[in-house]
Amino acid sequence: RPTDENQPIVPVSPYAISKHTVEEYLRYYNQTFGLPYVIFRYASVYGPRQVRGAMADYIRQLKLGKQADIWGDGKKTRDYVFVEDVVGANLLALEVPNDFENPVFNVGTTKETSLNDIYKKIANSFGIKDKPIYHPIRPGEQEFQSLSFSKIKRHLGWSSKVSLSEGLKRTITNFSD
């Protein structure tokens, strides 16, 4: 079930804690000094010229004809949102009124894709058999990710436009090492 903006925040890693801490600082500066803010909680952003993350690692290795690493059994899911769609959402932040109550919005697609599935799609695009190298799961990683975008759609008219297959094609075609 896609997570909405009202779900309790329970960070499971230092990275997640730091993201939530920034949100709390923004709320503090808003309450104390009246500084307007908008928070976007992004799903897994991907696209051309990406240099970090599992997808970039998979593309980099498979492009060389090698297999890549998957941490865990590959059943973890991510909600992949294309960078172009994220840019569109960011531009809409300018339209959020300064007095908007709880200006926190998810930017995602609601669609979950397992690491195994994304790996297979990338391997297939290179005509390579998918045989990832599995390693023990790393502690502090989220098991499933799917974000509801109903709030940003309702208030700002945003929804993702680039499908995973189209975005993946564009990412692989324009991938730079």
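Me: How many salt bridges does the structure hold?
Reply: The structure holds 7. This is a predicted model, in which local features need pLDDT of at least 70 and side-chain atom pairs count only at pLDDT 80 or more, while totals for chains, interfaces and linings use all residues. Residues are numbered from 1 along each chain as its sequence is written, and side-chain values use heavy atoms, with hydrogens and water left out.

Me: What makes the pair Arg27 and Glu23 a salt bridge?
Reply: The term asks for a side-chain nitrogen of Lys or Arg within 4 Å of a carboxyl oxygen of Asp or Glu. For Arg27 and Glu23 the N to O distance is 3.6 Å, so the pair qualifies. The two residues are 4 apart in helix α1 (residues 14-33), which puts about one helical turn between them. A helix here is a DSSP run of H or I with at least four residues, a strand is a run of E with at least two, and both are numbered from the N terminus. Glu23 and Arg27 also belong to a network of salt bridges that links them with Glu24 and Arg41.

Me: Are Asp57 and Arg60 buried, partly exposed or exposed, and how do you know?
Reply: Buried means under 20% relative accessible area, exposed means over 50%, and partly exposed lies in between (1.4 Å probe, protein chains only). Asp57 has 37% and Arg60 has 22%, so both count as partly exposed. Their side chains form a salt bridge at 3.0 Å, N to O. They sit 3 residues apart in helix α2 (residues 54-63), separated by about one helical turn.

Me: What links Arg170 to Glu84, and where in the chain are they?
Reply: A salt bridge links them, with the closest N and O atoms 2.4 Å apart. The pair joins distant parts of the chain, since Arg170 is in helix α6 (residues 164-173) and Glu84 in helix α3 (residues 83-92), 86 residues apart. Arg170 is partly exposed at 24%, and Glu84 is partly exposed at 44%.

Me: Why is Arg1 called exposed?
Reply: Its relative accessibility is 81%, which is over the 50% limit, so Arg1 counts as exposed. Arg1 is found in the segment before α1.

Me: What makes the contact of α2 with α4 a nonpolar one?
Reply: The axes of α2 and helix α4 (residues 115-125) come within 10 Å and cross at roughly 35°. The contact (heavy atoms within 4.5 Å) is made by Met55, Tyr58, Ile59 and Leu62 of α2 and by Leu115, Ile118, Tyr119, Ile122 and Ala123 of α4. By class, the contact has 9 nonpolar, no polar and no charged residues.

Me: How do you know that both faces of strand β6 are covered?
Reply: In β6 (residues 104-107), Val104 and Asn106 are buried on one side, and Phe105 and Val107 are buried on the other. Strand β1 (residues 39-42) runs parallel to β6 and is joined to it by 4 bridges; two strands pair if DSSP finds at least two, so β1 and β6 pair. Phe40 stands opposite Phe105.

Terms used
Axes fitted to C-alpha atoms, helices over the stretch in contact; angles between N-to-C directions. Nonpolar A, V, L, I, M, F, W, Y, C, P; charged D, E, K, R; others polar.
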